Each structure stands twice: as structure tokens, then as C-alpha cells.
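Dear colleague,

I am handing over the structure below, and I would be glad if you could look through it before reading on.

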Amino acid sequence: MIRSILIGLISMLCMTACAQKSTINPTLKPIHWIPMQTKDRQFVYVDSALRQQLPQKFAHADFFTSTGYAIVSNTKNQQALINSKGEFIENYSDTDLGLQTLGQVTLLMKRREHEKNLPFWNWDWNILGGGIKKTATYIKVEIRVLETGQVLLDKDVPYDENEYSLALYHLDDQHVVLNGNLYGLKDQHLKKLSTKVDLILENGRYIPVAGNRFEIYDIRRQQPILSNLIAVDKIDLHWKGQLLQLDSINQERFAPTVPKLLKDDSSGKIYAFPQYDKALPTQIKQATAAQIAFLKEASLLYSVNNSPYFILGRFNYDHEVWAYDWLYLDKEGNLLDEINVRDFFILDQVGYLVWPDKHMLFTKNTLEKGWKTGKIKYVYQSEALYLINIKKGEQDPTMGFWNAGAKTWDLPPNFRHIEILDGKQQIFALQKQEDGPYTLYDNKTKKQIGSKSYDTISSNGLVREKDAENKVSYYYIDIYSGKAYRK
């Protein structure tokens with residue numbers, strides 16, 4: 001099932017690609033070792049029977065990738081890279097390391113902060129005294145393929161301009177976007193194609209970087225699907241021979257790189273965010289007077305992908321909180337008061353839910369008197385679970401899980417904070433009191449996992465714990481059983 005959560009714009013940054021001779025052992029096999037903490041608070045790698053697999057000990061150790069590499073740390077908090085033979089691929093240093101797998105390919109990212117001398121015309125002159133700053137903080141960034149030694153990036157960038165990452169966006173099995181560049185993958189080699197990508201769409205479609213005119217491509221075709229697209233914020237619709245012009249549609253404080261409404265300057269057809277997958281109808285065929293009145297005040301328009309529908313939003317100034325009223329339009333021109341779609345969400349810039357909103361999730365009188373809802377998040381890969389912030393009168397806000405299908409609380413809002421560790425399996429970390437410990441919880445069985453609590457719990461099983469002497473310890477657990485990997 002393809003989740004249709006809106007994908008944000010990716011930053012457009014330049015990369016270089018070249019190849020160099022590899023020093024990496026090509027015979028590594030997938031392993032499933034666990035970093036286990038020893039009595040002296042060091043880490044060793046063990047198998048499922050807790051048999052030690054490598055002789056070395058580490059101050060900290062990450063899990064191995066499926067391709068056989070892991071990042072480890074020493075007591076100086078320096079990082080190194082090892083393979084499953086225990087060989088050091090990168091020795092301990094102050095360079096930050098990161099790993100990302102792509103099939104049988106492993107990407108290594110290295111980031112090293114340093115001070116760089118500036119030319120005198122870029123010196124920072126402090127008119128209030130305190131001297132002249134003649135240097136600036138830079139980040140040396142490198143990304144390379146471990147298996148082949150291919151260098152994808154080698155840059156020295158100002159600290160506040162470093163937006164490079166290892167986030168991969170897949171267009172299909174052979175094409176990915178990394179830091180705004182489109183790559184083709186073949187025989188463990190990434191070939192950078194000439195295209196730079198501004199927005200990734202579903203089903204292998206994407207929008208390249210453009211100026212004032214945009215094109216939509218399919219990775220399986222050389223020619224664009226749509227071209228000569230321009231930004232618009234007005235929509236002309238016709239109803240019973242009358243012109244209805246929707247003005248100032250999808251206006252935002254910060255304009256996106258790709259406009260949310262694109263018009264084919266040749267045909268006049270308009271396509272809408274997030275997938276630009278179908279043209280907006282120009283004729284309203286069926287509507288009530290109230291729907292036409294709503295239409296004239298609409299300020300949001302989104303296309304619901306994998307469906308024949310569009311969503312129209314009208315800001316409601318009567319609500320106590322920021323909210324919209326909703327109306328719907330199908331591609332045939334019929335206005336509708338409601339639609340039935342799954343796995344589609346409109347999110348704000350920080351990932352909270354805008355549509356469906358609380359009025360659609362909650363039925364009348366399902367909230368107790370004096371309760372107000374705050375931020376809402378969908379639990380990714382769940383059927384109908386939403387993480388809800390609740391304000392109970394004058395009490396501090398709490399959290400719980402609302403089941404929108406059953407219209408009931410799956411987990412009552414009695415917790416100060418909840419971490420979603422595995423949304424599909426519904427494994428959560430629950431905090432009862434402010435600054436209190438977290439416990440593991442299996443929402444499918446409605447039972448706590450294990451008997452221990454922790455200061456923090458990460459989705460990979462890394463926990464933070466304080467002992468009776470207030471000493472901090474980090475070690476791994478199995479979040480599904482609560483089993484601790486420590487001696």
C-alpha cells in the first residue's frame with residue numbers, strides 16, 4: 001500500500017562524481033550481530049546466542065548494515081568504521097560518519113568541522129569592539145561508495161550552508177535522488193545523470209529544477225509528460241454560464257520551489273499538488289447554492305492522488321483554533337460534501353495533520369467536557385491510529401492514541417509523552433510524568449513489554465539508563481521483547 005503523505009521539497013545542491021581504486025573487501029556477507037554492553041560498560045558484537053564475534057571492545061557500537069559495515073566509537077567520542085571482519089576502514093578521528101545502504105551498495109558520509117581563514121574583505125569587523133574575526137567555520141563533506149571507492153561528493157562548505165545528507169529518494173529500483181541529483185544505479189556504480197530534481201512524485205515521476213517554467217518527467221520516458229507549465233494562483237471555473245474565479249489559491253508565507261498549482265500554458269489545463277496527476281475540471285456540473293458560496297471563498301486546493309478527487313479548503317475564522325472547512329470536487333466537475341479516501345494526508349510544515357482534521361476524526365460528544373485537541377499525527381503504517389495531544393481544562397497537555405475507525409481511544413490520553421518506535425507493529429514508549437522514565441508498550445496486546453523503565457528509548461533499541469549512583473549507561477534492548485543486551 002502506497003502511503004500518500006505529502007513529500008516535502010528536497011534541497012538542490014551540487015555534487016561531483018568520480019571513481020577511484022577501492023580498498024574495501026568485496027567478500028563481506030550480511031550479518032545480524034548485536035552490540036552488547038559488557039560489565040566494564042564497553043560494547044562487543046555478539047550473535048543471537050550471545051557468542052562474541054569480534055575480539056575488539058568499543059565505547060559505543062552501532063548495528064552492522066546489511067552490507068557488512070558498522071560505525072564504532074572510542075572513549076574520546078571519536079568515530080571509526082569497521083567491516084564484519086573487524087578491519088578498520090576508517091580509523092578513529094573527530095570526523096562524523098554516517099552510513100546508508102542502497103541494495104548491495106553502501107554510502108559513507110564524512111563530515112569534519114574546521115576553521116578556515118577568510119580573505120580580508122570577508123573579515124567580520126565588530127564595531128562595538130572585541131576584535132576582528134578572520135576565520136569562519138566550514139564543514140568538509142565527502143560521500144563515497146564503500147564497495148567501489150566511487151566518490152559522489154567532495155565539498156568544503158560554510159557551516160550554516162551545509163545541507164548535504166544521505167537521504168535517498170527512490171524513483172524506481174535503478175534510479176534514486178541524492179542531494180537533489182538524479183542517479184542511475186548499475187553494477188554497484190552510481191551514474192549521475194544531468195537532471196537535477198526539485199520535487200519527487202509517485203510512480204517514477206519527478207519535476208526537474210526550473211526557472212519560471214516547469215516540466216514533469218517519468219523515469220521510463222526521455223520526453224516530459226507535461227511541459228511549458230507555469231505557476232498560477234487563480235482558477236477560472238464555469239457554473240451555469242457564469243465565471244467563478246478562485247483567487248489567491250495556496251498562498252504561503254514562504255513560496256515553495258515548485259508552485260502548488262501549475263498551468264499548461266498551451267492547453268490551459270491546471271494541475272495541483274502533491275502529484276499533479278490530473279487536470280482540474282473547468283465546468284461545475286453539479287452543486288448546491290451553499291457549495292457555490294463555499295467555492296468562492298476557497299483558498300486551498302489539493303489533488304488527492306490515486307482518486308478522482310480534489311480537496312478545497314476555506315479558512316474558518318469562527319474556530320477557536322486555526323482550522324479549515326472542507327469541500328470536494330471530482331474530475332467530472334461535481335461538488336461533494338464528503339469523500340471516502342484512504343492513506344491521504346495534508347501535513348503542515350512540521351508534519352502535523354491538517355486534513356483529515358479533528359472534526360472528521362472525532363464524532364460529536366466523543367471528547368469529554370472541557371477537553372480540547374492540539375496537534376495531531378498519523379501513526380504511519382497503522383490502519384487508523386492518530387497520536388492526539390489533549391488539553392484537559394487547566395491541566396498540562398497529555399497524549400493518547402485515537403482509533404478513527406472504531407471511534408474510540410486505543411490508548412487513553414493519560415501520558416505526558418509518547419514515542420512511536422514501530423508504527424506498523426504498534427510498539428510505543430510511554431512517559432507518565434514530566435521528565436519521568438519511559439516504558440515499552442505493545443498496543444496490539446495492550447501490555448507493557450518487560451518490567452523495566454528507561455530515561456530514553458530509541459527505535460533501534462538503544463536506551464539510556466541511570467543507576468543508583470546516578471551514572472548514565474547506554475545499551476541495546478529488543479524493543480519487541482524487552483530483552484537487554486548487556487552483561
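In what follows, rings of Phe, Tyr and Trp (for Trp, its six-membered ring) are said to pair if their centres lie within 6.5 Å, and such a pair counts as stacked when the planes are under 30 degrees apart, as edge-to-face when they are over 60 degrees apart, and as tilted in the remaining cases. By this rule Trp-33, Tyr-45, Phe-58 and Phe-64 form one aromatic cluster.

Please keep in mind that this is a predicted model, in which local features need pLDDT of at least 70 and side-chain atom pairs count only at pLDDT 80 or more, while totals for chains, interfaces and linings use all residues. Residues are numbered from 1 along each chain as its sequence is written, and side-chain values use heavy atoms, with hydrogens and water left out.

To stay with the rings, the structure holds 19 aromatic pairs. Phe-63 and Tyr-476 make an edge-to-face pair, with 4.9 Å from centre to centre and 75 degrees between the planes. Because Phe-63 lies in the loop between strand E4 (60–61) and strand E5 (69–73), and Tyr-476 in strand E41 (residues 472–477), this pair ties together parts that are 413 residues apart in sequence; strands here are DSSP runs of at least two E residues, numbered from the N terminus. Phe-63 is partly exposed, with a relative accessible area of 33%, whereas Tyr-476 counts as buried at 1% (buried means under 20% relative accessible area, exposed over 50%, and partly exposed in between, with a 1.4 Å probe and protein chains only). Phe-345 and Tyr-378 form a stacked pair, 4.3 Å centre to centre and with 25 degrees between the planes, and this pair links strand E29 with strand E31 (residues 371–378), its two members being 33 residues apart. Both Phe-345 and Tyr-378 are buried.

Two charged side chains also lie over rings, which is counted when NZ of Lys or CZ of Arg is within 6 Å of the ring centre and within 35 degrees of the ring normal. The charged end of Lys-260 sits over the ring of Phe-273, 5.0 Å from its centre, and Arg-486 lies over the face of Tyr-475, at 3.9 Å from the ring centre.

Turning to the interior, a nonpolar core is a set of buried Ala, Val, Leu, Ile, Met, Phe, Trp, Tyr and Cys residues joined through side-chain atoms within 4.5 Å. The largest such core has 25 residues, and those with the most contacts inside it are Ile-207, Tyr-276, Ile-311 and Trp-326. Several strands give two or more residues to this core, among them E19 (213–218), E20 (226–231) and E27 (324–330), and the largest share, 3 residues, comes from E27. Apart from it lies another core, of 21 residues, which includes Ile-270, Ala-272, Ala-298 and Leu-329.

As for strand pairing, two strands pair if DSSP finds at least two bridges between them. Strand E15 (residues 175–178) and strand E16 (residues 181–186) run antiparallel and are joined by 4 bridges, with His-175 opposite Gly-184 in E16. Their hairpin has 2 residues between the strands, and Asn-179 in it takes a positive phi near 50 degrees. E16 is in turn joined to the antiparallel strand E17 (residues 189–200) by 5 bridges, and in the turn of that hairpin Asp-187 has a positive phi of about 55 degrees.

With best wishes
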